[in-house]
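Here are some notes to read alongside the model on your screen.

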Amino acid sequence: MTPLGTPFERVTKWLDDAEHDVLVLTGAAWVRWLTGYSRYGAGLSCVLVRSDGSAELFVPSYEVRFAREFVNESRVKLRAYTDVGYGLLRDPFTPLSSAFRQVQGLSDARVAHVESDWLGGSGLLPSASFDVGPAIAKLRMVKSAVELDEMARRVAMCWVAQHAVSQALSWGASEIELYSLARASAEGHWGSPIEMNADVIGGPSCAGVGAPVSVPGRRVVQTGETLIVDLVMGVSGYFADITWTHIRGENLEQAALRDSMVNVMETIARGLVPGRRCSDVYREMEHLIHDVAPNDSFTHHGGHGIGLSGYEAPFLAPFDDTELEEGMTVAIEPGAYGRDHGVRVENNYVVTKHGGIEIPGRPLDMELLA
């Protein structure tokens with residue numbers, strides 16, 4: 001894959017090419033993307049990037065010492081604003097707004113921004129500033145080597161959780177117990193709180209695909225039943241999305257159906273090349289699933305972007321004609337669902353000119369998760 005610069009370097013180049021002087025981004029995901037700073041429970045933050053390669057990061061005063069561990073201060077100047085405390089202000093944006101107003105030179109600059117709840121209507125930016133959300137979002141879809149490494153660590157965390165679930169399934173745990181175990185094992189592995197959105201559903205509930213139709217409950221997964229475990233897990237700003245269909249005991253028919261979904265996933269991955277339209281990838285997946293499971297249904301998208309959130313552009317869906325680019329990351333998730341059963345698998349891939357390459361982190365011995 002062609003090496004890419006850091007997000008900060010790419011944004012600086014984009015500013016120069018687009019003839020903008022400043023880009024303003026607000027919110028934890030954008031700050032993490034450009035500066036590397038992320039902290040659990042962090043306050044409001046904002047980053048201002050200039051075309052000369054300098055930047056200013058606004059964080060609450062009590063976060064400055066943590067931000068210094070992540071930020072290159074020769075390039076990113078830390079600006080602290082005073083936060084009076086949790087829930088003490090009617091408008092929590094006021095202290096950050098006050099600090100932002102002290103930035104020099106914005107009135108005469110060509111300012112670009114990505115619209116946000118805080119920025120919109122704040123009156124802080126020049127009236128002639130440009131909303132460049134689509135252009136910056138497209139930049140964000142393509143991941144750097146550092147970002148891919150971050151994602152690989154989250155992939156490994158998801159598989160730690162999948163393995164813990166596979167071990168507990170044999171002794172008759174309920175769906176909600178397995179759901180809780182998945183989170184606990186991931187947090188124990190990482191050593192801090194994580195963000196998680198998950199489907200952990202067994203037996204007939206698998207036919208419902210996932211939330212909100214099927215959600216984890218007290219039902220115990222019975223011998224011979226399947227358990228779909230779809231784990232979206234994130235920490236420190238980056239995410240992975242890994243799904244495996246476990247089987248308690250033996251069910252040759254469902255194991256064969258799961259194996260066919262693995263084959264579909266790997267076939268689709270080989271076709272993740274630059275220039276391919278996402279909608280075409282979805283249609284190929286739909287066709288492959290129908291061929292191997294003609295009596296079952298495929299009732300959801302075929303995958304989506306992954307990175308700074310668990311579900312982001314581009315989307316493997318009939319509505320998305322986005323052309324894949326080298327360095328985009330995509331979660332591929334084929335599934336097949338009947339009246340009282342369902343299977344789904346999912347791995348995360350990076351687009352290359354040779355096809356999709358699985359982001360590492362999966363255990364080599366898949367029998368551990370049989």
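1. A salt bridge here is a side-chain nitrogen of Lys or Arg within 4 Å of a carboxyl oxygen of Asp or Glu. The structure holds 18 of them. Before going on, bear in mind that this is a predicted model, where local features need pLDDT of at least 70, side-chain atom pairs count only at pLDDT 80 or more, and totals for chains, interfaces and linings use all residues. Numbering runs from 1 along each chain as its sequence is written, and side-chain values use heavy atoms, with hydrogens and water left out.

2. Take glutamate 147 and arginine 10, a salt bridge whose closest N and O atoms are 3.9 Å apart. This pair links distant parts of the chain, with glutamate 147 in helix α6 (residues 145-169) and arginine 10 in helix α1 (residues 7-18), 137 residues apart. Helices (H or I, at least four residues) and strands (E, at least two) are DSSP runs, numbered from the N terminus. Are the two partners buried or exposed? Both glutamate 147 and arginine 10 are buried, where buried means under 20% relative accessible area, exposed over 50% and partly exposed in between (1.4 Å probe, protein chains only).

3. Now look within helix α6. Glutamate 150 and arginine 154 make a salt bridge, with 2.5 Å between the closest N and O atoms. They are 4 residues apart in α6, so about one helical turn separates them. Glutamate 150 counts as buried because its relative accessibility is 15%, and arginine 154 counts as buried at 0%.

4. Arginine 276 pairs with glutamate 284, the closest N and O atoms being 2.8 Å apart. Elsewhere, salt bridges with shared partners join Arg32, Glu150, Arg153 and Arg154 into one network.

5. On to the rings. Rings of Phe, Tyr and Trp (its six-membered ring) pair if their centres lie within 6.5 Å; planes under 30 degrees apart count as stacked, over 60 as edge-to-face and the rest as tilted. How many aromatic pairs does the structure hold? There are 6. One of them is tyrosine 37 with phenylalanine 70, edge-to-face at 5.7 Å centre to centre and 70° between the planes. Tyrosine 37 is buried at 3%, while phenylalanine 70 is partly exposed at 41%.

6. Phenylalanine 58 and phenylalanine 100 form a tilted pair, 5.6 Å centre to centre with 45° between the planes. Phenylalanine 58 lies in strand β3 (residues 55-60) and phenylalanine 100 in helix α4 (residues 94-100), so the pair ties together parts 42 residues apart in sequence. Phenylalanine 58 is buried at 0%, and phenylalanine 100 is buried at 1%. Tyr311, Phe315 and Phe319 form one aromatic cluster.

7. Some charges sit over rings, meaning NZ of Lys or CZ of Arg is within 6 Å of the ring centre and within 35 degrees of the ring normal. The charged end of arginine 39 sits over the ring of phenylalanine 66, 3.5 Å from its centre. Arginine 140 does likewise with tryptophan 30, at 4.7 Å.

8. Last, helix α8 (residues 252-270). Its 19 residues should span 27 Å at 1.5 Å a residue, and the end C-alpha atoms are 27 Å apart, which agrees; the expected span is 1.5 Å times one less than the number of residues. Its buried residues include Leu257, Met261, Val264 and Ile268.
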